[in-house]
Amino acid sequence: MYKNNLMVYQKIGKAEILAHLQTDYVQGLSGLLEVATTYGFVGDLWHCYLTFLLVCDENPYSLSCEGKHVVADSLYEIANADFAVIKGMFEYDFTELEKKFQTTGMEALRNYHVESPKGILNQTMRGQLCALSKALGEAKSVYKFQKIISEHYRLFGVGKFGMHKAFRVVQSSRQQVEILPITNIAKVRLDDLVGYQSAKQKLIHNTLAFLQGKPANNCLLYGDAGTGKSSSIKGILNQYFSQGLRIIELYKHQFQDLNHVIAQIKNRNYKFIIYMDDLSFEEFETEYKYLKAVIEGGLEKKPDNVLIYATSNRRHLIRETFRDKEDRDEELHKNDTVQEKHSLFHRFGVSIYFGAPGKKEFDEIVCALANRHGIDLPQEELLLQASRWEMSHGGRSGRTARQFIDYYLGTHFEMTLK
């Protein structure tokens, strides 16, 4: 863009150049406002934008800080020179420029306020970035400036893994495996899931051991549909994101890319859970062999900062038939077939069962959700309606209870407001 503009400016006079620069400047102000709207920035948008570039830039210095490595003297000096330039950009006075361009747009953008800011960043990270922006703007020296941003790298990391909590895997146009952020995450917390205390505690203990650098196991959450398996994984992410937990969602058709994914994350200073939802295989599907090799059995050891969490409605993930155990099976070593189909399940060190709730547990879930949403209805009537609902909507489960509450809130909206 700048090269094209330069070619234009060489062919026109000073007045036309000034008009073009004025247009570029106004477009720049519009771009600042667009970035603020996208990410939910408030305050000094110029400082927020520069800070955003700093926290997103994965370079030898920022990655060394993130990994808590000792930064080499020469690398420190190179970074110090860059920070001197960037600090100058923080301190740039736009007054004369705006007089020349006859505009006052920057003044409004450097004191930008929104009553309830929203954006693709989660609230915690947005608050941290805005606070960091203010601290960098108040730094009195380049040394202080560099110390503040370096400490941020050490505490929160850098780049997409520092800015986001969940990711998906895609193949780029060049057939390369890319890990991209998921910006809209359900705000589920473990406390929101009624019941299953034993199952949740088992999941929490394994995750905390992982985050604290202690031995931890790959984890399989299995059981009846709608019982909170996937929601528990989301709750774990939201609860422990601030402690460096990140989740990468992977589908079974992508298992052949597992090694490429792990190669991109094994040296980062985060704890990664590779999450596989609704995992199961038919007899003709062989993708599970990639997963077996990565979990345990390949020559390369799985990194200490990576675990695999999966959910499934099946305990034994690969479909079995009675034929597998029949004596008249054509296969000579039929027991080998059975062992092969059980082997994937046994490579998950922790397995947690989520069963369908009984009548009493289902009623407790319904009452808890009704109370949480302020539904003022006699308990007997509430449970009667819930019972009718579950009988025609797939039976008793946490999902069915939530769907009933959502239905009730939607059809009795005006009554719930009174």
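## Helix packing, a buried serine and cysteines

Helix α3 (residues 45-56) packs against helix α8 (residues 123-138) at an angle of about 105°, and their axes lie 9 Å apart. This makes α3 roughly perpendicular to α8, a class that covers 65 to 115 degrees. Axes are lines fitted to C-alpha atoms, for helices over the stretch in contact, with angles from 0 to 180 degrees between N-to-C directions. Helices (H or I, at least four residues) and strands (E, at least two) are DSSP runs, numbered from the N terminus.

The model is predicted: local features need pLDDT of at least 70, side-chain atom pairs count only at pLDDT 80 or more, and totals for chains, interfaces and linings use all residues. Residues are numbered from 1 along each chain as its sequence is written, and side-chain values use heavy atoms, with hydrogens and water left out.

On the α3 side, H47, C48, T51, F52, L54 and V55 are in contact (heavy atoms within 4.5 Å) with L129, C130, L132, S133, L136 and G137 of α8. By class, this contact holds 8 nonpolar, 4 polar and no charged residues.

S312 belongs to strand β6 (residues 306-312). The S312 side chain reaches the backbone oxygen of L279 at 2.6 Å.

Accessibility is given below; buried means under 20% relative accessible area, exposed over 50% and partly exposed in between (1.4 Å probe, protein chains only).

| Residue | Relative accessible area | Class |
|---|---|---|
| C56 | 31% | partly exposed |
| C367 | 24% | partly exposed |
| S312 | 2% | buried |

With a disulfide defined as a pair of cysteine sulfur atoms within 2.5 Å, the count is 0 disulfides.

Key: Parallel < 35°, antiparallel > 145°, perpendicular 65-115°, else oblique. Nonpolar A, V, L, I, M, F, W, Y, C, P; charged D, E, K, R; others polar. Polar contact = N/O pair within 3.5 Å; in protein donor to acceptor, adjacent residues only side chain to side chain.
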